[in-house]
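This note is meant for a colleague who is meeting the structure for the first time. Please keep the sequence and the model at hand while reading the numbered points.

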Amino acid sequence: MRFYLTTPIYYVNATPHIGNAYTTAIGDMLVRHRRQQGADTFYLTGVDEHATKVWRVAEEQGLEAQEYADRISVPWRELPQRLNADIDFFIRTSDEGHKRFVRDFLQRMYDNGDVYQDVYAGLYCVGCEAFKTEEELTPDGLCPDHLVPPEWIEEKNWFFRLSAYQERLLALYDERPELVRPDFRYNEARSFIAGGLRDFSISRAGQPWGIPLPWDESQVTYVWADALVNYLSALTYAQEGEDLRDRYWPAVHHLLAKDILRFHCVYWPAMLLSAGYEPPQQLFVHGYLLLDERKISKSLGNAVDPLELIDVYGADPVRYWMARAISFGQDGSASVDGIRARYDNELANDLGNLLSRTTAMVARYRSGSLKRGEAEPPLDLAALGADVSGRLEQFDVTGALDAVWEGVRALNQYVTAEAPWQLAKDESKAAQLDGVLYNLVDGLTALAVALAPFLPETAPRILAALAQDGDLSWERIRNGVAAEVEGIAAAEPLFPRIELTAGAA
Ligand SMILES: [Zn+2]
């Protein structure tokens, strides 16, 4: 079983925002889960450095474009690490390996007769790195995303014959109804193809920053024809001395936000077919995590800078909030203040207190020793594991985490219903008390494994507090897995109270 997941490569010419962190964190959850199931996984993220803006700003600042790109890519390299996202490779489009591969890839498209020269005249938004039609602009003639007027560009460019791929793309979509998820995005992409495809420019003239075309060095590769190829190029040099293409292509799943659907779901498969590669296995298009417009500041604990949010709450709580705040796949509006409520009510209270109470009771009533005893378990853990797993395989990250949380709540109710403190007063109920405490530890052990994709730092801490094996294999989510152990001590709080310095904004 192989699972190769990619995030889009992000533009370096801004600092990471919550949307980038969102995709990177959710992708990490999906990959970690597959790894727990024993899959051979590869997780790729990185940056797109060949934007016109990079070169322009570098020039304004009197720097070489590469030097400027090196500088501004630093927070991007930090992002996955700070999010606890366990990536396998961080690609930069200025990598030699990428540049070499793009030239080879484009040459194959050229040799296939799919590239021709023509004059391009049109409106171009530098922010989008895309040509715009009049209909796409606001009534004032501005780019709707950037609210700036596009530039008029007229130059001789190289074009990719996308129009020649309409039939093959439609056949691909009809053959593979799971190619694009969710369904409504599949329909959106398919109707775009069915509506007729226009050839697009794959090069720009008069720019020193970019990858020169192998057959015409006076032109550099236009952003998308350069950027999309990263998903394949990375496999050729990520691991020294090994070409990973055989291992992971086409077992690739692309994660992307809806604004770049057309490039990924239409241009990219066509480019791959042209260059002689299999199209990707699946593309998952998600919505935006929109933030409310309340006052935002670091001292209120609701910064929009994801790195600042992590500074305040830690990576796991930020990941947890992202997965739960809105339904992954849909658009949703979330409040950054909500992170505080989820931290206090769900992480510290539902989960943290459950662990504290469980370990404290084993320590107090059984001197830290865990015995199987006699009591019916409150949860069918294998069924819960299968439910969570099924949802994650469908990219239903939010539904999966909801299902785990139902388990956390069920264990809390079990504590209340069984009242171990009452059982402890009655010597004749010793075996039942053992059984109840065992079921709590056993349930928490399984839930820790199920939470590991979402809370990678917290899950091992839960297992350690329960004196259980740190093995995170998904198959351990079933009843009776917890070992009878000695030495369970009252656990330290998993999520200590956070004091925010209010009013310092
Ligand atoms: Zn724009």
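How many helices and strands are there in the chain?

1. Overall content. The chain holds 19 helices and 15 strands; helices (H or I, at least four residues) and strands (E, at least two) are DSSP runs, numbered from the N terminus. This is a predicted model, in which local features need pLDDT of at least 70 and side-chain atom pairs count only at pLDDT 80 or more, while totals for chains, interfaces and linings use all residues. Residues are numbered from 1 along each chain as its sequence is written, and side-chain values use heavy atoms, with hydrogens and water left out.

2. Dimensions. A compact globule of 505 residues would have a radius of gyration near 23 Å, and the chain has 26 Å, which agrees; the radius is taken over C-alpha atoms, and the globule rule is 2.2 Å times the number of residues to the power 0.38. The C-alpha trace spans about 90 × 55 × 45 Å along its principal axes.

3. Of the 505 residues in the chain, 57% are buried. Buried means under 20% relative accessible area, exposed over 50%, and partly exposed in between (1.4 Å probe, protein chains only). Among contacts (heavy atoms within 4.5 Å) between residues at least 6 apart in sequence, 77% join residues at least 24 apart.

4. Zinc site. Cys 125 (SG), Cys 128 (SG), Cys 143 (SG) and His 146 (ND1) coordinate the zinc ion at 2.1 to 2.3 Å. Donors are N, O and S atoms within 2.8 Å of the metal (3.2 Å for Na, K and Ca); water is not among the atoms, so sites may look incomplete. The site is tetrahedral, with angles of 101 to 115° among its four donor atoms; for four donors this term requires all angles to lie between 85 and 135 degrees. The donor residues follow the spacing C-x2-C-x14-C-x2-H in sequence. Cys 128 lies in the loop between β4 (115-125) and β5 (130-132) and His 146 in the loop between β5 and β6, so the pair ties together parts that are 18 residues apart in sequence. Cys 128 counts as buried at 14% relative accessibility, whereas His 146, at 35%, counts as partly exposed.

5. Aromatic pairs. There are 32 aromatic pairs, counted where ring centres of Phe, Tyr and Trp (its six-membered ring) lie within 6.5 Å; planes under 30 degrees apart count as stacked, over 60 as edge-to-face and the rest as tilted. The rings of Tyr 4 and Tyr 248 have centres 6.1 Å apart and planes at 50°, so this pair is tilted. Because Tyr 4 lies in strand β1 (residues 2-11) and Tyr 248 in helix α10 (residues 245-248), the pair ties together parts 244 residues apart in sequence. Both Tyr 4 and Tyr 248 are buried. Trp 158 and Trp 215 form an edge-to-face pair, 5.7 Å centre to centre with 85° between the planes. Both Trp 158 and Trp 215 are buried.

6. Aromatic cluster. One aromatic cluster includes Tyr 4, Tyr 248, Trp 249 and Trp 268.

7. Thr 23. Thr 23 lies in helix α1 (residues 18-36) and is buried, with a relative accessible area of 4%. Leaving aside residues up to four places away in sequence, Thr 23 touches Thr 7, Pro 8, Tyr 10, Tyr 43, Leu 255 and His 286.

Technical notes:
Four donors count as tetrahedral if all angles lie between 85 and 135 degrees; four count as square planar and six as octahedral if opposite donors are over 155 degrees apart and all others between 65 and 115; anything else is irregular.
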